[in-house]
Amino acid sequence: MNSLLIRGGHLVDPAQNIDEPRDILIVDGRVAEVGAPGKLQSADKVVNALGLIVAPGLIDLHVHLREPGQTHKETIATGTAAAAAGGFTSVCAMPNTKPVNDSPAITRWMQDPERGAVVNVFPIAAATAGSAGEKLSDFAALCRAGAVAVSDDGKPILDDALMHEALATAARLGIPVIQHAEDTRLTASAPMHLGVTSFRLGLRGQPAEAEWKIVERDIRLAEMAGAQLHVAHISTREGLALVREAKQRGLKVSAEACPHYFLFTDENCADYDTRYKMNPPLRTAADRDALLHGLVDGTLDIIASDHAPHAKFEKFVEFDRAAFGITGLEIVVGATLTHLHRARKVPLKRIIELLSTNPARIVHLEGRGTLAPGAHADVTVLDPKKRWIYDLSKTLSKSRNAPYGGMEFYGKVMKTIVAGNIVFEA
Amino acid sequence: MNGKPRSLLGIEPLTSRQIIDFLSAARKMDPKRPRTTLRGRRIALLFYENSTRTRVSFEVAAKSLGASTVVMHASSSSIEKGESLKDTGLTLQSIVDAIVVRHPNSGAPTLLSRILDIPIVNAGDGMHEHPSQALLDAFTILEHKKTLKGLKIVTVGDIYHSRVARSDAHLFTKLGAHVTFCGPEVLLPEEATQLAPGIRIVRDMDEALTGADVVMMLRVQQERLSGLQINLDEYIRRYQLNPRRVKLAKKNALVMHPGPMIRGMEMTDEVADGPQSVVLEQVLNGVKVRMAILASILGGRR
């Protein structure tokens, strides 16, 4: 028997509706008991969480671990090490690897202990063969192999009939379809948002409607199919409004925010700074403010990193030619606590919903996203006020394509515990 | 920002003082009276895009100042083999004193200037800027008008794809001119008014030209249209500069074109060869202005 007691902390577990001091006893990788401070028996090992927040392990629904095939950018081992440093105990790995994860074999391979993952890895499998958007992959077989959702992330499922078929098939299996909402017919060779800044820089722009028109269509198709739709990395206020309206109608639609969309705008691309080149592109200040509002009012269900590592030679080139994407696993907690909790007084309960409760609910991770007795002992210990400065040169990711270096945050990950084992300590 | 710019990446970052300094320096330049200002200096002309007049103009300018030039085309050398802009730049840096670069991607000169320690001159990048062209346009106008201040300058045509339109608009507004853009929606989005202070959009060409001091005609860049549909007959009907339309502008209005001009498209033969056209003066002035740019950026720098 292997036991761990987390003592003296303040537990925030929205699933149990707990927001008060609690000790937690972990035995053999599961939560054994949750009790009032000082009331639980001691254990082999004790973590002192006095003055800290204890939360169910954070879950990042959107990461690119780049393995198999692009290990010069990231590996499952390095990506999950960065995840642990960022307070995540589970990550969902997008399928745009090389080859694309559209098979049970690759799905299993990614979860093999040989990969050296530091936190739980839940693959999201490709919705179509090779993510080519032509024919569905075998959802049932992929689910049996451990996939928790399907997506062609990086690309949309553009064809109406195919998207409907994907939603209907996923609905029968009880998994969500995660859509990268981009009408690629409107975004060809456009490296940023279409607006004043793109005009000034002489860069082609992606119009906002390229996103929201797909969101609009997907909601309609999800309703027809009675399916669960998750809108990845939403970036436009129009897209957000459509999600809000769909939720009011009781549809099974969820939406995801990423820190860069509520921290930055297209003006950050001025001077052709490719660290701010991502897809969807950074939008306007009005979009950024709408997203912040959506995080406060509950329209947005989760915050994910969309951690997208790239090597320097892929980013330090002409803006048109630079790869899309930004790393972010290590700053999600800092950015969220700084800009939502500290600046906008969003309660910690809501923060933990965004980072743990809701992601677990969306991809149906049994026994995660909560610390109820019997749950997996995945725990994140946070200091919600601690000031720190992100040192990009010390990142555990293999890549450094982020503009966060030197940025100041309030709120820090102190410990990350996976299945009762401490995998990261500040 | 004061003093001489280290590189010339665009007009937007320049102060009006720096612009005036370039124009004053250009007035003293004459390719027929070569100088030795840049004797012993080497200038690379790095052209990732085809260009005749700009490359020749920079080459003559450099040689008229005593510098030697090395021309590199994208179709030649290691560039074609897939060498990155960064590596090409680093390689050139060890053997030349400055790089004049023309590139199809907006921002490429900015990237080079971030990597290299030698001055970079933007000879046109994508749809972004073409600063030497804007300076020669201003120089040409000032040979006919006392000042740019208060002039009504109308730019007509494919503004969206035009680096000349962007550089001109920055320069003309910085020196106090009133800029009007005229063109169809697909080639002139509403965002264009935010490029610089006071820019107006007038869609109807007759209305736009009324009272103009300068008419700048732009080429429809068919090679950059990438899927945009425009009807050329309709375009000619609405946006071609013909003798009737020239009369709507002021009597002594100048007719300009940055070239290459497609006769019968942007303007009729009568207008292109007419008394108000300064198109050929623009070409000669291009050499003077580029001499001033190279002398200012490289002169006295060792």
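1. Ground rules. This is a predicted model, where local features need pLDDT of at least 70, side-chain atom pairs count only at pLDDT 80 or more, and totals for chains, interfaces and linings use all residues. Residues are numbered from 1 along each chain as its sequence is written, chains are lettered from A and ligands numbered from 1 in the order in which they are written, and side-chain values use heavy atoms, with hydrogens and water left out.

2. Domains of chain A. Domain 1 comes in two pieces, 3–53 and 375–425, while domain 2 covers 57–362; such bounds come from an automatic or database domain assignment. Taken over C-alpha atoms, the centres of the two domains of chain A are 25 Å apart.

3. How much they touch. In chain A, 34 residues of domain 1 are in contact with 50 residues of domain 2, contact being heavy atoms within 4.5 Å. About 3200 Å² is buried between these domains, 65% of it from carbon and sulfur atoms; buried area is the accessible area (1.4 Å probe) that two parts lose on being put together, summed over both. Lys398(A), Asn401(A) and Tyr404(A) supply 20% of what domain 1 buries here, more than any other three residues.

4. Which strands do the touching? On the domain 1 side, β18 (379–389), β19 (408–418) and β20 (421–425) of chain A each supply at least two residues. β19(A) has the largest share, 8 residues. Strands (E, at least two residues) and helices (H or I, at least four) are DSSP runs, numbered from the N terminus.

5. Chain B against chain A. Here 26 residues of chain B meet 17 of chain A, and about 1900 Å² is buried, with 59% from carbon and sulfur atoms. The count is 1 salt bridge: Arg200(A) with Glu12(B), closest N and O atoms 2.7 Å apart. Another 7 is the count of residue pairs in polar contact, both at pLDDT 80 or more.

Technical notes:
A salt bridge is a side-chain nitrogen of Lys or Arg within 4 Å of a carboxyl oxygen of Asp or Glu. A polar contact is a pair of N or O atoms within 3.5 Å; within protein, one must be able to donate a hydrogen and the other to accept it, and residues adjacent in sequence count only if both atoms are side-chain atoms.
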